[in-house]
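Me: Could you walk me through how to read this structure, feature by feature? I'd like the general idea each time, then the case at hand.

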Amino acid sequence: MDKPNPNPSQTITDFLHHSTHTQLQITFASLNICNSQHGKLLQRLPSRQGRIGFQKLSPQLLQLDIMDSLVFRFSVQCHIPQTTNLNDMGPLSLPRPLDQGSLYVDEEKLVLSFRIDAPDPQLRIQVTHTYQGIHRLEKFCTPLCGHATKV
């Protein structure tokens, strides 16, 4: 069994541009979630493992399934960059009431940030998920094939 690549940027780039698998689930060693309102920290949750599912919906479209959110599981869609720069994915398509999402990926971490919208601007909350340290990878060929490969 190969040791997982601890580099989130390279792991996701390899999946997007070099893998025949259509789905990848990454379990990160740590997930830190911070909530803030108007720049003031409201809550920082203790670190724990976190999972994200990546699914290639088409050669141009990627879906991220956020499995360890505070309130509910949700999916985010974005364009697959033609280059290997994952920060070129463009705007994220988020389910309401979430908006203003951004994704940042480098050699050490993946950071997903979004806002929980509210009709009253005073009630809007900014949420940041920081995932670090790849703990486990699972690749799936299709949703129906039934074969999973742990790497």
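**Reading the fold, the core and the rings**

Reply: Of the 151 residues of the protein chain, 43% count as buried. Buried here means under 20% relative accessible area, exposed means over 50%, and partly exposed is in between, with a 1.4 Å probe and protein chains only. Keep in mind that this is a predicted model, where local features need pLDDT of at least 70, side-chain atom pairs count only at pLDDT 80 or more, and totals for chains, interfaces and linings use all residues. Residues are numbered from 1 along each chain as its sequence is written, and side-chain values use heavy atoms, with hydrogens and water left out.

Me: How many helices and strands does the protein chain have?

Reply: Helices (H or I, at least four residues) and strands (E, at least two) are DSSP runs, numbered from the N terminus. The protein chain has 1 helix and 9 strands, and along the sequence the pattern reads α-β-β-β-β-β-β-β-β-β.

Me: What share of the contacts with a separation of 6 or more comes from residues 24 or more positions apart?

Reply: A contact means heavy atoms within 4.5 Å. Those residues account for 47% of such contacts in the protein chain.

Me: Now the core. Which residues have the most contacts inside the largest nonpolar core?

Reply: The general idea is that in soluble globular proteins, nonpolar side chains tend to be buried together. A nonpolar core is a set of buried Ala, Val, Leu, Ile, Met, Phe, Trp, Tyr and Cys residues joined through side-chain atoms within 4.5 Å. The largest one here has 32 residues, and Phe54, Leu62, Leu64 and Leu110 have the most contacts inside it. Helix 1 (8–18), strand 1, strand 3 (48–56), strand 4 (61–66), strand 5, strand 6 (98–105), strand 7 and strand 8 each supply at least two residues of this core. Strand 1 gives the most, with 5 residues.

Me: What is leucine 64 in contact with, leaving aside its neighbours within four places in sequence?

Reply: Leucine 64 touches Ile52, Gly53, Phe54, Phe74, Ser75, Val76, Cys78 and Leu103.

Me: On to the rings. How many aromatic pairs are there?

Reply: A pair of aromatic rings is described by the distance of the centres and the angle of the planes. Rings of Phe, Tyr and Trp (its six-membered ring) pair if their centres lie within 6.5 Å; planes under 30 degrees apart count as stacked, over 60 as edge-to-face and the rest as tilted. By this rule there are 2 aromatic pairs. Phenylalanine 28 and tyrosine 131 make a tilted one, at 5.2 Å centre to centre with 50° between the planes. This pair links distant parts of the chain, with phenylalanine 28 in strand 1 (residues 23–37) and tyrosine 131 in strand 8 (residues 125–140), 103 residues apart. Phenylalanine 28 is buried, with a relative accessible area of 0%, and tyrosine 131 counts as buried at 0% too.

Phenylalanine 74 and phenylalanine 114 form an edge-to-face pair, at 5.3 Å centre to centre with 75° between the planes. That pair also links distant parts of the chain: phenylalanine 74 is in strand 5 (residues 74–79) and phenylalanine 114 in strand 7 (residues 109–116), 40 residues apart. Phenylalanine 74 and phenylalanine 114 are buried.

Me: Why is strand 7 described as largely enclosed by the rest of the structure?

Reply: Because 6 of the 8 residues of strand 7 are buried. As for its partners, two strands pair if DSSP finds at least two bridges between them. Strand 6 and strand 7 pair in the antiparallel sense over 6 bridges, and a hairpin of 3 residues joins strand 6 to strand 7. Leucine 103 has leucine 112 in strand 7 as its bridge partner. Strand 7 and strand 8 run antiparallel, joined by 8 bridges, and leucine 110 has tyrosine 131 in strand 8 as its bridge partner.
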